[in-house]
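Here is a short note to read alongside the structure. The points can be taken in order, with the view open beside them.

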Amino acid sequence: MSESTVADAPQSDRARAARTLTVTGLNHALHDGYTDLIYVLLPVWQTEFALSYGLLALLRGLYAGTMAGLQIPVGRIAERIDGKIILIAGTALSALGYFLAGLSGGVIGLGLALALSGAGSSTQHPIASAAVSRAYGSAARGPLGIYNFTGDLGKAAIPALTSVLLVIMSWRHTLLLLAVAGLLVAICIALWMPSVGKGSSQRSKTASSRASVGGRGFRWLLAIGILDTAVRMGFLTFLPFLLRDKGASLPTNGFALALVFIGGAAGKFTCGWLGERVGTLRTVLITEGGTAVLIVAVLALPLTPAIVLLPLLGVMLNGTSSVLYGTVPELTPPHQTERAFALFYTGTIGSGAIAPVIYGLLGDTLGPTLATAATAITALAICPLAIALARHLADEASAGA
């Protein structure tokens with residue numbers, strides 16, 4: 001569709017847009033769940049393979065690193081091949097990676113399997129985000145928020161399901177079952193998702209007044225996204241160990257992670273609503289400041305009150321991202337949507353790969369408590385960057401009016 005609103009489009013176009021959002025949302029839930037179920041498995045792998053915090057973070061980084069590093073090449077492939085085909089292949093590949101992880105006999109095989117699964121997941125974010133953006137045109141901010149919300153549903157559901165399955169079966173059998181679920185999602189994409197088309201054929205015929213992908217506003221946005229992801233991934237890496245040291249069992253850890261992700265899903269809507277009314281700057285200052293305060297509180301409190309705070313912490317951890325994703329199309333011209341999303345997701349997911357390794361090494365040196373405290377300091381460092389970004393955003397003018 002063009003930049004016209006979906007409400008003005010024919011019924012057939014509205015139906016295609018709804019199908020695009022539904023299927024990409026299902027796919028997003030699967031891939032984000034695949035990404036974050038690793039946190040539940042980290043203590044299991046530490047026990048089985050006798051791994052340090054740094055090596056555990058490296059396993060997590062292999063998945064996220066391949067996912068981040070292949071986003072831009074995938075965007076280029078999408079200029080020549082229908083994005084729907086790429087999404088099908090990527091989802092099937094990600095499921096295959098977890099299937100092989102369940103069959104792995106050692107840490108090297110496990111790492112290679114996670115890298116393969118991450119490579120499959122690299123197809124999902126840029127192509128699906130661009131598909132939703134084009135399907136809804138100028139009305140895409142709301143649907144993009146829903147699309148991102150579905151990812152949080154996967155983050156909440158799949159790690160929680162994994163923690164339950166680990167009680168009744170081995171982690172290897174658990175991964176084989178989750179791989180089957182991935183293959184079913186790939187089949188759903190093949191059967192029900194409308195054609196995405198080639199990115200090169202979607203170029204705008206008219207000039208755009210928006211800045212290019214390399215504009216200063218986009219660079220500030222990307223910097224905030226990178227640090228925000230670092231805070232989230234660094235904290236989640238240590239959360240299972242912090243709770244374990246407070247006396248939490250494995251099912252309690254899975255429940256606690258689910259609370260964080262449920263709060264994160266609520267944050268998508270809450271902070272999107274807040275951003276429309278008070279502007280991006282104030283929203284980011286609230287979420288990052290709240291993140292820092294709540295991380296310190298979780299460190300200081302006993303197990304039960306710390307778990308009670310986790311849903312609110314999830315709101316703050318994901319609140320910033322709900323504003324950032326919807327701002328990407330605002331700072332880029334229509335024909336560069338896929339490139340912009342690819343660059344943005346490369347930066348943020350790359351941060352998700354590198355940051356846990358850095359924080360993991362810091363944890364090996366200083367311990368998990370001080371390393372987690374460092375994530376709170378990183379959250380506060382985002383605030384001045386948000387002030388710099390605000391000068392490039394139209395919503396700040398409307399919020400201040």
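1. A residue counts as buried when its relative accessible area is under 20%, and as exposed when that area is over 50%. The model is predicted, and these cut-offs apply to several residues in it. C188 has a relative accessible area of 18%, so C188 is buried. C383 has a value of 16%, so C383 is buried as well.

2. How many disulfides does the structure hold? The number is zero. A disulfide is a covalent bond between the sulfur atoms of two cysteines.

3. For the chain as a whole, 59% of the 401 residues count as buried. The secondary structure comes to 15 helices and zero strands. Among contacts with a separation of 6 or more, 85% are between residues 24 or more positions apart. The next points take up some of the helix pairs.

4. Helix α9 covers residues 216-245 and helix α12 covers residues 303-327; their axes come within 10 Å and cross at roughly 160 degrees. Angles over 145 degrees count as roughly antiparallel, so α9 is roughly antiparallel to α12. The crossing is left-handed. On the α9 side the contact includes L221, I224, D228, R232 and F235, and on the α12 side it includes L303, I307, L310, N318 and L324. Sorted by class, the contact of α9 with α12 has twelve nonpolar, five polar and two charged residues.

5. Helix α12 also packs with helix α11, which spans residues 280-300; these two axes come within 8 Å and cross at roughly 150 degrees. What does that make the pair: parallel or antiparallel? α11 and α12 are roughly antiparallel to each other. Their crossing is left-handed. Residues of α11 in the contact include T280, V284, I286, E288, L294 and V298, and they meet a set in α12 that includes A306, L309, L312, M316 and V323. The contact of α11 with α12 divides into 14 nonpolar, seven polar and one charged.

6. Some residues of α12 belong to both of these contacts. L310, L313, L317 and T320 are listed in the contact with α9, and L310, L313, L317 and T320 are also among those that α11 meets.

7. Helix α9 has another partner in α1. Their axes are 9 Å apart, at an angle of about 55 degrees. That angle makes α1 oblique to α9. The crossing of α1 and α9 is right-handed. From α1 the contact takes Y39, L42, P43 and Q46; from α9 it takes M233, L236, T237, P240, F241 and R244. By class there are seven nonpolar, two polar and one charged residues in the contact of α1 with α9.

8. Where is A50? A50 lies in the loop between α1, residues 11-49, and α2, residues 53-69. Most residues other than glycine have a negative phi. The phi of A50, however, is near 55 degrees, a positive value in a residue other than glycine. Is A50 buried or exposed? Its relative accessible area is 66%, so A50 is exposed.

Definitions and conventions:
Residues are numbered from 1 along each chain as its sequence is written. This is a predicted model: local features need pLDDT of at least 70, side-chain atom pairs count only at pLDDT 80 or more; totals for chains, interfaces and linings use all residues. Side-chain values use heavy atoms; hydrogens and water are left out. Axes are lines fitted to C-alpha atoms, for helices over the stretch in contact, and angles run from 0 to 180 degrees between N-to-C directions. Helices (H or I, at least four residues) and strands (E, at least two) are DSSP runs, numbered from the N terminus. Angles under 35 degrees count as roughly parallel, over 145 as roughly antiparallel, 65 to 115 as roughly perpendicular and the rest as oblique. A crossing is left-handed if the near helix is turned anticlockwise from the far one by less than a right angle, and right-handed if clockwise. Contact means heavy atoms within 4.5 Å. Ala, Val, Leu, Ile, Met, Phe, Trp, Tyr, Cys and Pro count as nonpolar, Asp, Glu, Lys and Arg as charged, and the others, Gly among them, as polar. A disulfide is a pair of cysteine sulfur atoms within 2.5 Å. Buried means under 20% relative accessible area, exposed over 50%, partly exposed in between (1.4 Å probe, protein chains only).
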